[in-house]
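Thanks for coming, everyone. Let me put the structure up, and then we'll walk through its pockets and its cores.

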Amino acid sequence: MFNNFLRTNKVAMWLLTVIRVYLGYQWIEAGYHKITGGFDAAGFLTGAIANSTGDHPAVQGWWAAFLEHVALPNVGLFNFLVPYGEFLVGLGLILGTFTTFAALMGFVMNAAFLFSGTVSTNAQMLILEVLVLVAAANAGKIGLDYYVMPYLRKLFHKNSDAGTQAPTPKQPLNMKRTA
């Protein structure tokens, strides 16, 4: 019932637009500050790895192993992906372009930040992103998705139907045959 409300209701569409723009602003602001102010994830990653030990570790061992063996050796890649990813997620959510994908990528980043022991606003944003994800297309109807998604559906549907056409019946389907 709630799922149907989020996916089809016009009131939900407007509420989701407010949520989407709020999330987008949070993401675009964080990304912009990292892009213009410089960003180095090495300290954050090292701190998260350090928080995986002790009596009450804030970071799970399996996640710390990922950070230590994948993220930290490739910190240059993460120094690029995080700020520009945040900025693009924010832009997509504010403009309502590829809304579901932008919310999914925001969800992934918030989950990664939470796994790394940073609570801040990540939990709140994660819950709001789940609402946008569940609502799917309804979350982007007041945005550029209103124009982009039908165009893409038509474009891809046109290409997939080009080689296959159903044979036409010799008589209309609604007529009865007589013997």
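Which helix gives the most to the lining of the second largest pocket? Helix 8 does, with 5 residues. Before going on, some ground rules. This is a predicted model, where local features need pLDDT of at least 70 and side-chain atom pairs count only at pLDDT 80 or more, while totals for chains, interfaces and linings use all residues. Residues are numbered from 1 along each chain as its sequence is written, and side-chain values use heavy atoms, with hydrogens and water left out. Helices are DSSP runs of H or I, at least four residues, numbered from the N terminus.

Now, what is a pocket here? On a 1 Å grid over the protein atoms alone, a pocket is an open set of points where a 1.4 Å probe fits, with protein on both sides within 12 Å along at least five of seven lines. Lining residues have an atom within 4 Å of a point. Volume is the space filled by probe spheres set on the points, and points are joined across faces, edges and corners.

Back to the second largest pocket. Its space is about 220 Å³. It has 13 lining residues, and A137, G140, D145, M149 and R153 are the closest to its centre. Helix 6 and helix 8 (145–161) each supply at least two lining residues.

Next, the largest pocket. It holds about 570 Å³ of space. Its lining counts 27 residues, with F44, V82, E86, M109 and F113 nearest the centre. Helix 5 gives the most here, 5 residues.

On to the cores. A nonpolar core is a set of buried Ala, Val, Leu, Ile, Met, Phe, Trp, Tyr and Cys residues joined through side-chain atoms within 4.5 Å. Buried means under 20% relative accessible area, with a 1.4 Å probe and protein chains only. The largest core has 18 residues, and L16, L23, W27, L93 and V132 touch the most other members. Helix 2 brings the largest share, 5 residues.

Look at V132. Contact means heavy atoms within 4.5 Å. Beyond its neighbours within four places in sequence, V132 is in contact with L16, I19, L23, T99, A103 and A139. There is also a second, separate core of 10 residues, including W63, A64, L67 and V75.

Key
Buried means under 20% relative accessible area, exposed over 50%, partly exposed in between (1.4 Å probe, protein chains only).
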